[in-house]
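Thank you for making time for this today.

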Amino acid sequence: MAETLKATKREKTGKLANRNLRREGQIPAVLYGAGQDVIHLALCAEQFDAIVRHGVKNITLEGDVSESVVMREVQWDTFGVEVLHVDFFRPGN
């Protein structure tokens, strides 16, 4: 079962840019793998929380990037409440 998640490309990276994204209700993410370039993304925090609660690993990204990906790693804050960053992986063909 694959869930759908809206993803937008982000130009700014780094600690300050990521903090600003989180204040706006978004989560910074990165997409890599299959010998292609790395893409920096921003995800809607509410949508992503629903996907994490259901335990889904296979996700279809829509928006600026339209691909089927696997959730590789989720980084949480110290208390395990807020998602800080997500890594997505493109499976090889």
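Strand β2 and strand β6, which covers residues 83-89, pair in the parallel sense over four bridges, where two strands are said to pair if DSSP finds at least two bridges between them. Within this pairing, Ala 29 stands opposite Val 86 in β6. Strands here are DSSP runs of E of at least two residues, while helices are runs of H or I of at least four residues, and both are numbered from the N terminus.

Before I go further, a word on where this comes from: this is a predicted model, in which local features need pLDDT of at least 70 and side-chain atom pairs count only at pLDDT 80 or more, whereas totals for chains, interfaces and linings use all residues. Residues are numbered from 1 along each chain as its sequence is written, and side-chain values use heavy atoms, with hydrogens and water left out.

Let me stay with β2, because it is largely enclosed by the rest of the structure, six of its eight residues being buried. Buried means under 20% relative accessible area, exposed means over 50%, and partly exposed is what lies in between, using a 1.4 Å probe and protein chains only.

On another side of the description, β2 and β3 pair in the antiparallel sense over seven bridges. Here the bridge partner of Ala 29 in β3 is Leu 41, and Leu 31 stands opposite Ile 39, also in β3. Ala 29 can therefore be followed in two directions, since it stands opposite Val 86 in β6 and has Leu 41 as its bridge partner in β3.

What lies between these two strands in their hairpin? There are two residues between β2 and β3, and in that hairpin Ala 34 takes a positive phi near 60°. Ala 34 has this positive phi although it is not a glycine, and it lies in the loop between β2 and β3. At 43% relative accessibility, Ala 34 counts as partly exposed.

Is Val 30 buried or exposed? Val 30, which is found in strand β2, residues 26-33, has 12% relative accessibility and so counts as buried. If we set aside residues up to four places away in sequence, Val 30 touches Val 38, Ile 39, His 40, His 85, Val 86, Asp 87 and Phe 88, a contact meaning heavy atoms within 4.5 Å. The C-alpha atoms of Val 30 and Trp 76, which are 46 residues apart along the chain, are separated by 15 Å.

Glu 3 stands opposite Ile 59 in β4.

Ile 59 stands opposite Val 69 in β5, and a hairpin joins β4 to β5 through three residues.

At 16% relative accessibility, Ala 17 counts as buried. Ala 17 and Pro 28 are 11 residues apart in sequence and 9.0 Å apart in space, taken from C-alpha to C-alpha.

Let me finish with the chain as a whole. There are two helices and six strands in it, and read along the sequence they follow the pattern β-α-β-β-α-β-β-β. With 93 residues, a compact globule would have a radius of gyration near 12 Å, and the chain has 12 Å, which agrees; the radius is taken over C-alpha atoms, and the globule rule is 2.2 Å times the number of residues to the power 0.38. Along its principal axes the C-alpha trace spans about 35 × 30 × 20 Å. Of the 93 residues, 33% count as buried. Finally, among contacts between residues at least 6 apart in sequence, 56% join residues at least 24 apart.
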